[in-house]
Amino acid sequence: MSDQPSFQPSTKVIHSNRSYEKQSNSILFPIHQTATYIHESVGVTKGYGYSRGANPTVNALEQAISAIEGTAHALCFRSGMAAISTLCFALLKAGDHVILSEVIYGGTIRLFHQVIRNFGIEFDYVDTAKPEAVATAMKPNTKLIFVETPANPTMRLTDIAAIAEVAHKQPGVLLAVDNTFMTPVLQNCLDLGADISMLSTTKYIDGHNATIGGSLATHDEAITERLRLVRKTIGTIQPPFDSWLALQGIKTLPARLEVHCRNAGVIAEWLEAHPLVAKVNYPGLKSFSQHELAKKQQKAFGGMMSFELKATTEQALAFMNALKLCTCAESLGSVETLITNPATASHCDLSDETRDRLGISSGLIRLSVGLEDPKDLIADFEQAFAAIFGAKA
């Protein structure tokens, strides 16, 4: 697709890898469910030797992701955490220093605290919404700044271009962005100055709760080859069947995102106006403190939000349990509307004190708005409010 730069995202995800199986002319790229490949002669292959290193179906998904990332280089992994782990093992060594967003996915926190620190790698959590704080946190041994924007689950934003400027003032420092909530369709991190874009493809890329996966994209060929080597060595490549399913999901990504964003806007405004809702964190609301930054670096506001009720934690959890259409599950970005309580799910490893300081209260509710009609979602919220709060609702 590099020779067709004028194509829009919806065209790219459908036609980025239009390579048909030569014997049957299948319109879908086939699943190459194989561990190994026949050598045409000793030392001569068609580019594939063993599926831990590369697989045609995985490559097809990588081409689709590359197309929307706007780069020639993307790699797919067994999970989003496998992608982050491979990134760390590939680019960091003992004595290096990493700056992390202070509000970030709980699995990333767990990785650094319980695994990465054992390799002698230093890290600090910084409010990356403040470029001056990142600049102050930089050390001579800083090698990587890893940010998540919008942050899970508070939706706090980081100005990617501003942090890229801070990072690149010091030679050898790379900026990586977890762009799972937005995807490159809504926020292109590489265009904004990031060196590496990371996605949990489990979420919006797949969009149907069918697979676990992750990806890393970069313009830097040397970084790509280093990631490829480490991925092959530690075995973190995505399986072919999961890649094939995600390949079907990504074809509808732009269309799905349009509905996710539209529905989320309706739900956010409705929640903000409700007398029992204390606060809604959604970049699309004018009341959101970083609304102007969202308008600057995002093409739309996404399908994710979080909110707090004017209620006790027990009432907030009871409200979640009373929902019938919204599904309580630990994921996001799918066609179904999913709801979670970060304090007992994604961020359960954090202390109460740390969660409160970061704005992740025990009663905070994270909402991934799906493709259902918003009228039906609102009706579900209304019946849950009535069930728990009675006449007050």
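## The largest cavity

Ser 101, Glu 102, Val 103, Val 126, Asp 127, Thr 128, Ala 129, Glu 148, Ala 151, Arg 156, Leu 157 and Thr 158 line the largest cavity, where a cavity is a set of points on a 1 Å grid over the protein atoms alone at which a 1.4 Å probe fits but cannot get out, and lining residues have an atom within 4 Å of a point. This is a predicted model, in which local features need pLDDT of at least 70 and side-chain atom pairs count only at pLDDT 80 or more, while totals for chains, interfaces and linings use all residues. Residues are numbered from 1 along each chain as its sequence is written, and side-chain values use heavy atoms, with hydrogens and water left out.

The structure holds one cavity of 30 Å³ or more, and the volume of the largest cavity is about 70 Å³. By class, its lining is made up of five nonpolar, three polar and four charged residues.

## Helix H4 and its surroundings

Helix H4 covers residues 106-114, and its residues Gly 106, Gly 107, Thr 108, Ile 109, Leu 111 and Phe 112 are buried, meaning under 20% relative accessible area, as against over 50% for exposed and in between for partly exposed (1.4 Å probe, protein chains only). These buried residues of H4 pack against helix H3 (80-91), strand S2 (97-101), strand S3 (122-126) and strand S4 (142-148).

## Ser 10 in helix H1

Ser 10 lies in helix H1, which spans residues 9-15, and with 38% relative accessibility Ser 10 counts as partly exposed. From Ser 10 to Phe 146 there are 136 residues in sequence and 29 Å in space, C-alpha to C-alpha.

## Cysteines and the open sheet

Zero disulfides are found in a search of the whole structure, a disulfide being a pair of cysteine sulfur atoms within 2.5 Å. The closest cysteine sulfur to that of Cys 326 is in Cys 328, at 10 Å, which is too far for a bond. Cys 326 is buried at 5% relative accessible area, whereas Cys 328, at 54% relative accessibility, counts as exposed.

Five strands form an open sheet in the order S8-S9-S12-S11-S10, with mixed pairing. Its edge strands, S8 (277-281) and S10 (327-328), each pair on one side only, and two strands are said to pair if DSSP finds at least two bridges between them. S10 is joined to strand S11 (residues 338-340) by two bridges, and these strands run parallel; the bridge partner of Cys 328 in S11 is Ile 339.

Definitions and conventions. 1 Å grid on protein atoms, 1.4 Å probe; cavity = no way out; pocket = protein on both sides within 12 Å on 5 of 7 lines; lining within 4 Å. Points joined across faces, edges and corners; volume = space filled by probe spheres on them. Nonpolar A, V, L, I, M, F, W, Y, C, P; charged D, E, K, R; others polar. Helix = DSSP H or I, 4+ residues; strand = E, 2+ residues; numbered from the N terminus. Contact = heavy atoms within 4.5 Å.
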